[in-house]
Amino acid sequence: MRYFTAAMLVVAGVFLASGQPAVAGHAHHGHDGAAESPVAAPADAVEYPDCVHCGMDRVKFAHSRMLIVYQDGEKVATCSIRCVALDLKTKKNKPVASFQVGDFTNGTLIDAEKAHWVIGGDRRGVMTKTPKWAFADKDAAEAFFARHGGTPATFAEALKAATDEL
């Protein structure tokens with residue numbers, strides 16, 4: 001029994017030192033299996049590291065994060081278009097100056113309304129049953145849906161799909 005207890009303490013110490021969840025398959029806020037960003041921490045994600053609605057790590061999911069800038073100057077940093085839809089729902093008539101989204105390819109913030117969106121496909125989405133990805137480059141979006149499926153879309157269509165899922 002003494003050896004079993006010592007072994008369990010060693011295992012627990014390894015998990016604590018790694019910073020990883022101690023239970024396999026349990027990621028931050030139910031995002032297990034969602035595609036994670038392979039890019040370095042962008043400046044906005046360092047300034048706003050967590051999603052204001054779900055607490056998700058915006059550095060880890062830089063390729064799906066969004067930043068809303070309201071006309072009064074308020075900035076709202078989210079992990080995904082789903083949390084943007086939630087924010088807009090709670091601030092029904094508040095005018096928006098801009099929406100920015102992480103480019104799926106490299107995590108760079110781009111204008112969400114000018115982005116080429118893909119809805120659906122076989123890549124697991126972030127905070128959603130139906131994934132919604134943004135691309136700065138139309139060819140990259142087309143290559144993505146040729147390989148992974150989905151449907152080309154506009155920001156308005158992606159936002160409506162996210163809102164409909166709430």
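pLDDT is the predictor's confidence in each residue, from 0 to 100. Contact means heavy atoms within 4.5 Å. The model described here is predicted, so local features need pLDDT of at least 70 and side-chain atom pairs count only at pLDDT 80 or more, while totals for chains, interfaces and linings use all residues. Residues are numbered from 1 along each chain as its sequence is written, and side-chain values use heavy atoms, with hydrogens and water left out.

The protein chain has a mean pLDDT of 82. Of its residues, 76% reach 70 or more. Over residues 1-32, pLDDT stays under 50. For that segment the model has 20 contacts beyond four places in sequence.

Secondary structure follows DSSP runs: helices (H or I, at least four residues) and strands (E, at least two) are numbered from the N terminus. Strands S1 (residues 66-70) and S2 (residues 75-78) run antiparallel and are joined by four bridges. Two strands pair if DSSP finds at least two bridges between them. Isoleucine 68 stands opposite valine 76 in S2. Four residues lie between the strands of this hairpin, where glycine 73 takes a positive phi near 95°.

Burial was assigned from relative accessible area: buried is under 20%, exposed over 50%, and partly exposed in between (1.4 Å probe, protein chains only). In helix H3 (residues 81-90), the buried residues are Ile81, Cys83, Val84, Ala85, Asp87 and Leu88. Their cover includes S1, S2, strand S3 (96-102), S5, S6 and helix H5 (155-164).

Helix H4 (residues 138-148) buries Ala141, Phe144 and His148. Viewed down the axis of H4, these buried residues fall within an arc of 60°, so they line one face of the helix. The arc is that of the directions from the helix axis to the C-beta atoms. Asp139, Ala146 and Arg147 are exposed on the other side of H4. The buried residues of H4 pack against strand S5 (116-119) and S6. At the start of H4, a side-chain oxygen of aspartate 137 comes within 3.3 Å of the backbone nitrogen of aspartate 139.

Six aromatic pairs are present in the structure. Rings of Phe, Tyr and Trp (its six-membered ring) pair if their centres lie within 6.5 Å; planes under 30 degrees apart count as stacked, over 60 as edge-to-face and the rest as tilted. Phenylalanine 104 and phenylalanine 135 form a tilted pair, at 5.5 Å centre to centre and 50° between the planes. This pair links distant parts of the chain, 31 residues apart: phenylalanine 104 is in the loop between S3 and strand S4 (109-111), and phenylalanine 135 is in strand S6. Both phenylalanine 104 and phenylalanine 135 are buried. Phenylalanine 104 also pairs edge-to-face with phenylalanine 144, at 5.2 Å centre to centre and 70° between the planes. Here the partners are 40 residues apart, with phenylalanine 144 in helix H4. Ring pairs link Phe104, Trp133, Phe135 and Phe144 into a cluster.

Relative accessible area is 14% for phenylalanine 104, which is therefore buried. Phenylalanine 144 is buried at 5%. Leaving aside neighbours within four places in sequence, phenylalanine 144 is in contact with Phe104, Val118, Arg123, Trp133, Phe135 and Gly149. Its C-alpha atom is separated by 8.9 Å from that of glycine 121, 23 residues apart along the chain.

Lysine 132 is found in strand S6 (residues 132-135). Lysine 132 counts as buried because its relative accessible area is 8%. Polar contacts were taken as pairs of N or O atoms within 3.5 Å; within protein, one must be able to donate a hydrogen and the other to accept it, and residues adjacent in sequence count only if both atoms are side-chain atoms. A polar contact of 3.3 Å joins the side chains of lysine 132 and glutamate 165. A polar atom of the lysine 132 side chain also lies 2.4 Å from the backbone oxygen of threonine 130. Beyond four places in sequence, lysine 132 is in contact with Ile81, Trp117, Val118, Ile119, Ala158, Ala161, Ala162 and Glu165.

The loop between S5 and S6 holds methionine 127. Phi of methionine 127 is near 65°, a positive value in a residue other than glycine. Methionine 127 is partly exposed, at 22% relative accessibility.
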